[in-house]
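Hello,

Here is the structure I promised to pass on to you.

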Amino acid sequence: MNAQPSTLPGPGQPLLTLRDVSKRYGSKVAVRSVNLSIPRGSIYGFLGPNGAGKTTAIRAIMNIILPDSGEILFGDTPLDGSLRDRIGYLPEERGLYRKMKCREQLSYLAELKGVPRSEALQRADSWLERMGLGEYGHQKVDTLSKGMQQKIQFAATFISEPDLVILDEVFTGLDPLNIELLREMILEQKEKGVTIIFSTHMLAEAEKVCDSICLIEGGELIVDGTMEEVRRDFPLKSVQVAFADQSAPPEDLPDVLHREFKEGVWRLTLAEGSDPQALLPRLMDSGPVSLFSANRPSVGEIFLEAVARHRGEVRS
Amino acid sequence: MSKILTVVRKEYLERVRSKSFVIATVLGPAIMSLFILMPMLLSETGKDEERIVGMVDPSGQWLQPMSGTIEKLELGNVRLQAVGNAEQPADQRVQALKDMIQSGELHSGLVLGEDFLHEPQATYYNQSVSSLVVRNEVLRPALNQVLREARFREKEVADGLFHYLIAGSQWQSIVITDEGEQEQDDNVSFGMAFVLIMIIYIMVIMYGNHTLTAVIEEKSTRMVEVLLASVSPEDLMLGKILGIGGAGLTQFAIWTGAFYALSRRGVEIGGFSLDIGFLTPMILISFIGFFVLGFFLYATMYAGIGAMCNTVQDSQQFHTTLAMGLVIPMMLLTMIMRAPDSTLSVVLSLVPLFSPILMFMRVSVSNPPVWQVALSWALLLVSIWFSSRAAGKLFRLGILMHGTSPTWGSLIKAVKA
């Protein structure tokens with residue numbers, strides 16, 4: 001059933017390519033001619049605010065919706081039904097049969113991906129063990145806690161041993177312990193050579209796991225590349241500063257693109273080529289500085305700048 | 001293909017293993033036999049209860065022979081009782097009769113003219129339409145009989161000749177089947193035909209509705225997006241319908257098996273012996289054919305509608321309208337039964353929405369030409385093809401749609417798009 005793994009491109013080569021993919025719902029454009037390629041073996045961040053078009057692009061990849069135009073390649077072959085069996089998908093809207101037993105559920109979803117039944121049952125058992133849910137195999141899904149159900153959903157995504165996995169907002173609704181557990185499992189799968197698309201609006205989460213990212217806004221792709229490439233393209237500086245007397249940095253600081261106050265610390269994004277050190281005297285004039293550090297910019301800061309640049313381009 | 005089978009297997013086992021399936025399988029025959037037994041039981045109990053009919057018979061010569069005839073011909077458990085006596089004027093006696101009916105002393109009343117032999121005028125007083133059964137089945141035949149006898153006597157017809165003149169004809173009905181000839185029991189044939197039609201009706205509605213709720217459930221639990229990442233919407237729909245239909249056929253197979261086993265042992269239920277002779281291969285084959293095709297037609301429509309709805313409540317209006325396709329033929333049953341081969345019956349029984357019930361009815365009570373049955377199957381297949389394509393379209397379109405509840409207008413627009 002599964003196509004031969006020999007059709008897979010080498011590591012780092014594009015495993016999945018979107019060419020000029022567009023989709024509109026009525027008069028609303030959900031995705032506008034998106035071009036991107038996802039390198040094999042990477043964790044690829046699919047980033048953007050809610051409603052940016054991430055889920056539409058993913059549904060087009062999974063053939064759940066048909067794009068209006070453009071093509072999608074797996075390696076260098078157009079994606080079809082049997083190749084889709086090699087893609088695992090964890091949708092943002094989680095879904096499990098509530099009245100079905102966990103083990104049955106996992107093996108059913110594996111079978112639908114073309115895994116023979118006996119093999120599917122074995123894999124279901126081993127995944128239940130790994131998730132620490134071994135004793136729940138014969139219980140119905142709706143007797144499990146929400147966190148456990150999420151783990152079942154996660155296992156269901158990987159049980160067919162896919163080459164590519166799409167995780168849409170995988171950490172939503174999980175407690176920190178379970179987030180940590182799933183993050184380890186994602187990295188473990190990456191070690192095994194699985195390519196992962198990590199779609200989220202939580203940019204800080206993405207930064208921790210992704211090798212490559214793209215940013216989508218208003219249905220358009222505005223940034224695409226490895227983390228290094230993106231940082232090179234956006235040579236921003238970021239300064240964190242805090243004052244002992246709770247005062248704020250002056251409004252008229254030069255080269256500050258964006259400022260944010262969070263948990264007692266100010267985060268200032270500086271334009272390219274500016275010198276963070278030059279800021280320090282001005283800040284000390286405002287009040288007693290208790291914290292000062294110059295950092296790499298966060299993905300969130302890059303995103304804000306990218307959106308600003310993109311809008312500037314559209315305007316000009 | 002193997003994916004469709006995986007879906008079929010899951011849907012089939014889920015249903016066959018469920019408690020409700022076991023309950024329906026056990027209770028089904030019990031409810032069915034009630035359908036046959038109830039009318040028999042009702043008419044039995046009706047006979048047991050004695051009804052007193054008051055009678056004003058000025059000549060006094062009719063009451064005795066009528067009572068005798070009712071008893072002799074076993075027309076019903078009716079006792080005639082004279083109201084008032086010959087000295088009283090007739091209108092006073094009629095008034096007393098009316099009062100006794102109103103007070104519930106009498107079931108109804110019969111008033112004869114003074115010279116009934118030559119001017120046979122009878123008036124029947126009663127309180128409800130249901131009394132007309134007594135008039136039609138008991139009083140009128142009995143009165144006609146004694147009137148005829150009296151007139152023969154008046155003309156002094158000899159006794160031997162008299163019996164010869166009033167004797168009716170003797171009837172016997174034989175059904176010819178492939179297995180040979182057999183004495184016909186009207187009640188059993190109609191009863192069995194009715195039971196099988198009820199099975200088609202109930203099973204198509206029930207399992208069609210299963211399809212509807214199964215689709216809506218997958219939508220509302222958001223399961224569908226996970227599934228569609230592995231199966232195409234068309235395969236998912238087909239697998240679902242095949243699995244659910246398979247469960248329905250299994251249920252029927254269990255019933256038929258039990259039925260055969262019981263009839264071999266000659267089991268009788270309430271004096272009604274299970275008659276396997278009725279289930280000829282022709283009837284069995286057309287039953288399965290009409291059930292399968294009817295189920296497919298309705299299930300594809302239900303699946304398409306389910307895909308467009310967000311909740312079971314949303315789907316109710318569509319469910320009700322669709323079910324009319326099954327309810328209308330049920331209401332036409334009596335009409336078709338009276339004239340199974342009339343042009344109207346033939347045309348109605350060819351309408352695909354109706355034919356699972358009406359054409360099957362004709363097969364069970366009459367012997368329609370094979371081409372008509374074949375044509376109805378062909379028409380059903382064509383409709384199934386159309387409705388599955390339309391449903392596939394709705395499925396792809398609606399299955400991820402949440403929010404607005406659809407209307408018939410929006411459904412039709414979606415199918416045409």
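**What I found**

Of the 316 residues in chain A, 51% count as buried, where buried means under 20% relative accessible area, exposed over 50% and partly exposed in between, with a 1.4 Å probe and protein chains only. Please keep in mind that this is a predicted model, in which local features need pLDDT of at least 70, side-chain atom pairs count only at pLDDT 80 or more, and totals for chains, interfaces and linings use all residues. Residues are numbered from 1 along each chain as its sequence is written, chains are lettered from A and ligands numbered from 1 in the order in which they are written, and side-chain values use heavy atoms, with hydrogens and water left out.

Chain A has ten helices and 14 strands; these are DSSP runs numbered from the N terminus, with helices being H or I of at least four residues and strands E of at least two. Its C-alpha atoms fill a box of roughly 70 × 45 × 40 Å along the principal axes. Of the contacts in chain A with a separation of 6 or more, 70% are between residues 24 or more positions apart, a contact being heavy atoms within 4.5 Å.

Five of its seven residues are buried, so strand 11 is largely enclosed by the rest of the structure. Strand 11 runs antiparallel to strand 13 (residues 265-270) of chain A, joined by five bridges, and here A:S238 stands opposite A:T269. Strand 11 is also antiparallel to strand 14 (residues 289-295) of chain A, with six bridges, and A:V239 stands opposite A:A294 there. Two strands pair if DSSP finds at least two bridges between them.

Next, the nonpolar cores, meaning sets of buried Ala, Val, Leu, Ile, Met, Phe, Trp, Tyr and Cys residues joined through side-chain atoms within 4.5 Å. The largest has 159 residues, and A:L16 and A:F198 touch the most other members. Beyond its neighbours within four places in sequence, A:L16 has contacts that include A:L36, A:I61, A:F74 and A:I197. A second, separate core of 21 residues includes B:L80 and B:L139.

Finally, a residue in chain B: B:L411 lies in helix 15 (residues 408-416). B:L411 counts as buried because its relative accessibility is 4%. Leaving out residues up to four places away in sequence, B:L411 touches B:I305, B:M308, B:F318, B:L394 and B:P406.

Best wishes
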